[in-house]
Amino acid sequence: MSTPFWTPDPESAASSRIADFARRQGIDADDYAALHRWSVTDLEGFWGAVWEYFDIEAATPYESVLAEERMPGARWFPGATLNYAHHALRGLAGDDVAVIALDETGAGYEVTGERLRAQVASVAATLRELGVGQGDRVVGYLPNTPHAIVAFLAAASLGAVWSVCGQDYAPKAAADRFRQLEPTVLIAADGYLFNGTTHDRREAARELAGALPTLKATVLVDHVGLPGALSTNYPSLVLPWEDAATRSEELACVPVPFDHPLWVVFSSGTTGLPKGIVHGHGGVLLEHLKTLGLHSDLGPGDRLLWYTTTHWMMWNLVASTLLTGATTCTYDGSPAPLTQPDILWDLAARHRVTLFGTSPQYLLGMAKFGVEPAVHDLASIRAVGCTGSTLPDSAYPWVRDHVGTEVLLASTSGGTDVVSGFAGSAPTTPVWAGELSAPNLGVALAAYDAGGLPVVDQVGELVVTRPMPSMPLYFWNDPDGGRYHDAYFSVYPGVWRHGDWITVTGHGSVIVHGRSDSTLNRNGVRLGSADIHDVVERLPEITEALVIGMEEPDGGYWMPLFVVPAAGIEVDDALRDRIRDAIRTGASPRHVPDEILAVPAVPHTRTGKKLELPVKRLLQGAPVEQVVNPAAVDEPDLIDYYAQLGAERRSRRRQG
């Protein structure tokens, strides 16, 4: 598709921050390709310009921008000392709204810049008295509320290392992550809201604390107002959030080296203990200012509402919105509660949100079930961000027709690994339906063929050929760097291989086809699973689909399609024929599956990604304990269901 679906308004594009940034570098503001080319050919010039443009304040100056260019192990801004929390709080005017706390009931409250700064200072002083210092770990078992942002910034201000997960994680699953870090303090809420239910997590918090032997204290947050703190029988000191966050203290952010650990985010943990991925103060600061300030055009006066949980990397960007001077919104609850499926659009209208963020499944669900966002006044929304999986081209006209004709639909692709994006959009880029507008600034992205050569208009492996400041410093408990190296650099030495199939098009956009480790390879032709999911999930009779390509012991190849029917729908032969016809027309005859099987649900990681490879291995007969950690799965019972499907099929094949 060479004709863009959407092109930016020239006046709006010219007034954007990315256009201003380009002009300051002597580059035509309308020529994103030229700006990107400069950003990846002159890494020192580009990242030095980002530092200057956003006025980074360092206690000691840097000696050079990039002292060693290698992957892994690039050395960025040696000599510089700074603090992320200082930059998140420096631009907050006293009475301006810094954070808006929202939930699925429609209720909310505002936290001003003055109040946020005071709470961070108070919690930081409390943590310091509890023995937390530079390099110590503070962990949160918290929903997406202002408490999580305050606790994170307080830890960061001390040079401590933060990690958080949502309370839908069982205590054991949370402990599998946090115990690796040997934390000093746990901050936990009494519960959270979801789909009309208040989930009591007081006992879960106590069980988690008991599984963390290094704790000196637990801070309990009264979020949902459950009676009784259940603060007895904790293994260490317990104190209420109200005491920790209401002291009168001065905030003093500790300057730390550019590559000092800021937080640990975890992999999904589907095949063993989750991997702790460590990012640094300086790398996150620059990468998130670039992403949010330039690509998302956020600044003072803007408001971001992005649906996320605290254990998804998008929460980290929700918190980083403060770096730009914009207001960020937290949200506790279901994205589409039964009582009001359009609650997020309602809140976006009421609070004059300028950037609304969500997932492809949310947008497809809104369209499929006839939810009408336009009944709300969405005039403030300038862009809709979308990430988490591939956004099909059918979503683009829906957003145009039901949200706004001038709204930029910015589909992005990145990863927890770099806690940012590899490709997406900007206020100055056109949008092609079903495609990501361009590689992000500073990302030397390419599609590699099997021989390690870049290809255009062909499917290849997503690689990054030059370092980014937000690439991991290291994996936790990986002293020789072996696990880190094997995760990204074992296939193409010195080049980051992310594990996605993509196409870089002739007009500069990027198409994501799905994970390369779950690729469909039918008769030597590689097929993207996302291409099939896109077509099938448009059908009103189907709520979700999962296709698997599986090598058979006799050398054959089996490609089943699992479909979850909508309520009241039977997957009969007539519907199977319609599905096959839709795939044949919307993708290609090669994409038509061997079988179409109705299933009760599709398993996902807790951040919403389909478990394609684990399901494939279960069907092949691999032992469950070698395939997936049930605690990392949104519906653990599905693991046994798919393992049983595989066993039954193997039995039938043996019987002839």
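## Close-up views of the predicted model

**View A. Asp 457 is found in the loop between β24 (445-448) and β25 (459-464).** Please keep in mind for this and every later view that the model is predicted. Most residues other than glycine have a negative phi, and most peptide bonds are trans. Asp 457 is not a glycine, yet its phi is positive, at about 60 degrees. With a relative accessible area of 52%, Asp 457 is exposed, because the cut-off for that label is over 50%.

**View B. Val 419 also has a positive phi, here of about 45 degrees, although it is not a glycine.** You will find Val 419 in the loop that runs between β21 (413-415) and β22 (420-424). Is Val 419 buried or exposed? Its relative accessibility is 0%, so Val 419 counts as buried.

**View C. Met 71 and Pro 72 are joined by a cis peptide bond.** The omega angle of this bond is about -5 degrees. Pro 72 itself belongs to the loop between β1 and β2 (75-76).

**View D. Phe 21 and Phe 46 make an edge-to-face pair, one contribution to the 32 aromatic pairs that the structure holds.** The two ring centres are 6.0 Å apart, and the planes stand at 90 degrees. Phe 21 lies in helix α2 (residues 17-24) and Phe 46 in helix α4 (residues 43-53), so this pair ties together parts that are 25 residues apart in sequence. Phe 21 is buried, at 0% relative accessibility. Phe 46 is buried as well, with a relative accessible area of 0%.

**View E. The rings of Trp 51 and Tyr 62 form an edge-to-face pair, because their planes meet at 75 degrees.** Their centres are 4.9 Å apart. Trp 51 sits in helix α4 and Tyr 62 in the loop between α4 and β1 (66-68), so the pair links distant parts of the chain, eleven residues apart. How accessible are the two partners? Trp 51 counts as buried at 9% relative accessibility, while Tyr 62 is partly exposed, at 30%.

**View F. In two places, an arginine is found over an aromatic ring.** The charged end of Arg 606 sits over the ring of Tyr 169, and it is 5.1 Å from the ring centre. Arg 649 lies over the face of Trp 558, at 3.6 Å from the centre of that ring.

**View G. Helix α14 (residues 360-368) crosses helix α15 (residues 395-402) at roughly 65 degrees.** Two packed helices are described by the angle between their axes and the distance between the axes. For α14 and α15, the axes come within 10 Å. The two helices are therefore roughly perpendicular to each other, and α14 passes α15 in a left-handed crossing. On the α14 side, Leu 363, Leu 364, Met 366 and Ala 367 meet Ala 395, Trp 398 and Val 399 of α15.

**View H. Helix α19 (residues 612-620) and helix α21 (residues 637-654) have axes that come within 7 Å.** These axes cross at roughly 40 degrees, and α19 and α21 are therefore oblique to each other. Their crossing is right-handed. From α19, the contact uses Val 615, Leu 618, Leu 619 and Gln 620. From α21, it uses Ile 639, Tyr 642, Ala 643, Leu 645, Gly 646 and Arg 650.

**View I. Helix α12 (residues 313-320) is largely enclosed by the rest of the structure, because eight of its eight residues are buried.**

**View J. Helix α9 (residues 202-210) has Arg 202, Ala 204, Ala 205, Arg 206, Leu 208 and Ala 209 as its buried residues.** An α-helix has 3.6 residues a turn, so residues three or four places apart point the same way. What covers the buried residues of α9? The cover includes the helix α8 (171-178). It also includes the strands β6 (137-141), β8 (185-189), β10 (197-200) and β11 (217-221).

Key
Residues numbered from 1 in each chain as written. Predicted model: local features only at pLDDT ≥ 70, side-chain atom pairs only at ≥ 80, totals over all residues. Heavy atoms only, no water. Phe/Tyr/Trp six-rings, centres within 6.5 Å; stacked < 30°, edge-to-face > 60°. Helix = DSSP H or I, 4+ residues; strand = E, 2+ residues; numbered from the N terminus. Buried < 20%, exposed > 50% of the residue type's maximum accessible area, 1.4 Å probe, protein only. Lys NZ or Arg CZ within 6 Å of the ring centre and 35° of its normal. Axes fitted to C-alpha atoms, helices over the stretch in contact; angles between N-to-C directions. Parallel < 35°, antiparallel > 145°, perpendicular 65-115°, else oblique. Left-handed = near helix turned anticlockwise from the far one by under 90°. Contact = heavy atoms within 4.5 Å.
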